[in-house]
Amino acid sequence: MSFDLYVWHEPAAITAELARTKLERWAEGDTDVFPPHPAVPLMRDALLERFPALESLSDDDIDAGVWSVTPQTSDSLLALSCVWSRADEVAAAVRCLAADHGLVCYEPGYHILDPNAAGHVPEFTLTSATLPTVPDPDQRRVEWTIGKLGSDNHFAILQRADEWYAQVGYGDQVGAPAGTYVLEYREGSADRHFHTHTRDIVEATRFLQEFLAGTENWKRRHLWQPLTAQ
């Protein structure tokens, strides 16, 4: 099993959906969808300095290589495929190098675009205990993430660019009874930090979705207690 990433240049921010559409067009033979950019081959060189090409490894070292297939030379698109056991290490390095070179990186498995175009600051970022971080999540991603909460993946945080956040925790790892969701939000300072709870996954999902949409209906549906009072 392999782990795949794609890297190219965008002059302005795009969505993950558009990134996927561009890759589908490329796979169908539309080579013009990714115009050449000098940063693309420079990133490939930097990447292969860190993770050598398979062809450069000896028979004794080949099992230590990260690539399923050595990235092909290109001035427009890097199609990267690494062994699954090294996915986290390679993904972190690729995203860092992409940001350094002003390129975007799309991971089709989790449908994540990170980083986006140079200079783009996500309005929202979604993180959880075990799932990948998602810049600029949409409503469906929020719903999917809440559905994945459990004993291992016990929280999801939706943070705004100004560092205000809404959070859903689940179960005993957040001090709640089994099957209970703890809803929490913080608006800047510690005295604006509140929580409540629900056993309804639909309500837990709705809370984060409305926070993402910029509405505050969730404030009126619950009795919120200040965390500083605990």
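The legends below describe close-up views of a predicted model.

**View 1. The largest pocket and its lining.** The largest pocket holds about 380 Å³ of space. Its lining consists of 18 residues, and those nearest the pocket centre are A16, H111, D136, D138 and R141. At least two lining residues come from each of α1 (16-27), β5 (112-113), β7 (134-135) and α4 (139-147). Of these elements, α4 gives the largest share of the lining, with three residues. Sorted by class, the residues that line the largest pocket are nine nonpolar, four polar and five charged.

**View 2. Strand β1 and its two partner strands.** Strand β1 (residues 2-8) is largely enclosed by the rest of the structure, because five of its seven residues are buried. On β3 (residues 78-83), β1 pairs in the antiparallel sense over six bridges. Within this pairing, V83 in β3 is the bridge partner of S2. Strand β4 (residues 104-107) also runs antiparallel to β1, and three bridges join the two. Here C105 in β4 stands opposite V7.

**View 3. Cysteines C96 and C105.** The structure contains zero disulfides. Which cysteine sulfur is closest to that of C96? The closest is the sulfur of C105, at 11 Å, which is too far for a bond, since a disulfide requires sulfur atoms within 2.5 Å. For C105, the closest cysteine sulfur is in C82, at 11 Å, and this too is too far for a bond. C96 is partly exposed, because its relative accessibility is 44%. C105 has a relative accessible area of 1% and is therefore buried.

**View 4. The open sheet of seven strands.** The strands of this open sheet follow the order β7-β6-β8-β9-β10-β11-β12, and their pairing is antiparallel. The edges are formed by β7 and β12 (225-226); each has a single partner strand, so one side of each lacks a neighbour in the sheet. Within the sheet, β10 (residues 181-186) and β11 (residues 193-198) are joined in the antiparallel sense by six bridges. Y185 has F194 in β11 as its bridge partner.

**View 5. The aromatic pair Y170 and Y181.** The count of aromatic pairs in the structure is 14. For Y170 and Y181, the ring centres are 4.9 Å apart and the planes stand at 50 degrees, so this pair is tilted. Y170 belongs to strand β9 (residues 165-170) and Y181 to strand β10; the pair links distant parts of the chain, 11 residues apart. Y181 counts as buried because its relative accessibility is 7%, under the 20% limit.

**View 6. The aromatic pair F207 and W218.** The ring centres of F207 and W218 lie 5.2 Å apart, and the angle between their planes is 75 degrees, so the pair is edge-to-face. Because F207 sits in helix α5 (residues 201-213) and W218 in helix α6 (residues 217-221), the pair ties together parts that are 11 residues apart in sequence.

**View 7. The aromatic cluster around F207 and W218.** One aromatic cluster is formed by F124, Y185, F194, F207, F211, W218 and W224. Among its members are Y185 and F194, the latter being the bridge partner of Y185 in β11.

Terms used: Residues are numbered from 1 along each chain as its sequence is written. This is a predicted model: local features need pLDDT of at least 70, side-chain atom pairs count only at pLDDT 80 or more; totals for chains, interfaces and linings use all residues. Side-chain values use heavy atoms; hydrogens and water are left out. On a 1 Å grid over the protein atoms alone, a cavity is a set of points where a 1.4 Å probe fits but cannot get out, and a pocket is an open set with protein on both sides within 12 Å along at least five of seven lines; lining residues have an atom within 4 Å of a point. Grid points are joined across faces, edges and corners, and a volume is the space filled by probe spheres set on the points. Helices (H or I, at least four residues) and strands (E, at least two) are DSSP runs, numbered from the N terminus. Ala, Val, Leu, Ile, Met, Phe, Trp, Tyr, Cys and Pro count as nonpolar, Asp, Glu, Lys and Arg as charged, and the others, Gly among them, as polar. Buried means under 20% relative accessible area, exposed over 50%, partly exposed in between (1.4 Å probe, protein chains only). Two strands pair if DSSP finds at least two bridges between them. Rings of Phe, Tyr and Trp (its six-membered ring) pair if their centres lie within 6.5 Å; planes under 30 degrees apart count as stacked, over 60 as edge-to-face and the rest as tilted.
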